[in-house]
Amino acid sequence: MSLLSRMLPTPGRSVMLLVIWLMLNVTVSLGHIILGSVFAIAIPLLCAPLQISQPRIKKPLKALKYFFMVLGDVVVANVQVAILVLGPISRIKPGFVAVPLDLTEIKPITMLASTVTMTPGTVTAELSKDKRYLYVHVLQMPDDEQEVIRLIKDRYESAIKEMFQC
């Protein structure tokens, strides 16, 4: 490991910290640049031992495709939820479903849980203690809860598994 990578374990965060420091102080004076640089180097160094090793996205193009797929799903789901909410209250059939997970690492699980929550009509309620089930609240529960499970697993979890190669 080179000296530079030991001094800047997360260079992107260091740059971001320096920029935020300068923006918060509304100045680019030499003193603030020096002090901000000290913070930008010291904070990541102090926090580096606290980081837990997580898998990295191994297929960035798949991640880009996933982003646009989820963006489209959010737009469509917003319209569906608006129609549902503006209609008769009797059409709303909320419920909970336990989605079994094939993912084992916390970062991909978090990405799945966030995706489910970002999509209108569904909210991730909890991750089981053994990290094998994701409990999801559904605004419009179909008669067969397996439809929701299949949708989440086939559309989102499988794409996340491809991205992370896990």
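Is L30 buried or exposed? L30 is exposed, at a relative accessible area of 63%; here buried means under 20%, exposed over 50% and partly exposed in between, using a 1.4 Å probe and protein chains only. Before going on, some ground rules: this is a predicted model, where local features need pLDDT of at least 70, side-chain atom pairs count only at pLDDT 80 or more, and totals for chains, interfaces and linings use all residues. Residues are numbered from 1 along each chain as its sequence is written, and side-chain values use heavy atoms, with hydrogens and water left out.

Back to L30, which sits in helix α3 (residues 30-47). Helices (H or I, at least four residues) and strands (E, at least two) are DSSP runs numbered from the N terminus. Together with I34, L35, V38, F39 and I43, L30 makes up a nonpolar surface patch with about 530 Å² of accessible area. Patch members have over 30% relative accessible area and no salt bridge, and nonpolar side chains are joined within 5 Å; the areas come from Shrake-Rupley with a 1.4 Å probe.

Now for the sheet. Three strands line up as β1-β3-β2 in an open, antiparallel arrangement, where pairing takes at least two DSSP bridges between two strands. β1 (95-100) and β2 (122-127) are the edge strands with a single partner each, so one side of each has no neighbour in the sheet. From one strand to the next, the twist averages 30°. β1 and β3 (residues 133-138) are joined by six bridges, and P100 stands opposite Y133 in β3.

Helix α5 (residues 106-118) touches β2 and β3, and its direction makes about 145° with that of β2. Helix α6 (residues 146-164) touches β1 and β3, at about 50° to β1. These angles are between N-to-C directions of axes fitted to C-alpha atoms, on a scale from 0 to 180 degrees.

The whole structure has seven salt bridges, each a Lys or Arg side-chain nitrogen within 4 Å of an Asp or Glu carboxyl oxygen. In one of them, R155 and D73 have their closest N and O atoms 2.7 Å apart. R155 lies in α6 and D73 in helix α4 (residues 60-86), so the pair ties together parts 82 residues apart in sequence. R155 is partly exposed at 33%, whereas D73 is buried at 15%.

Methods
Contact means heavy atoms within 4.5 Å. Patches are made of residues with over 30% relative accessible area and no salt bridge: like charges are joined within 9 Å, nonpolar side chains (Val, Leu, Ile, Met, Phe, Trp, Tyr) within 5 Å.
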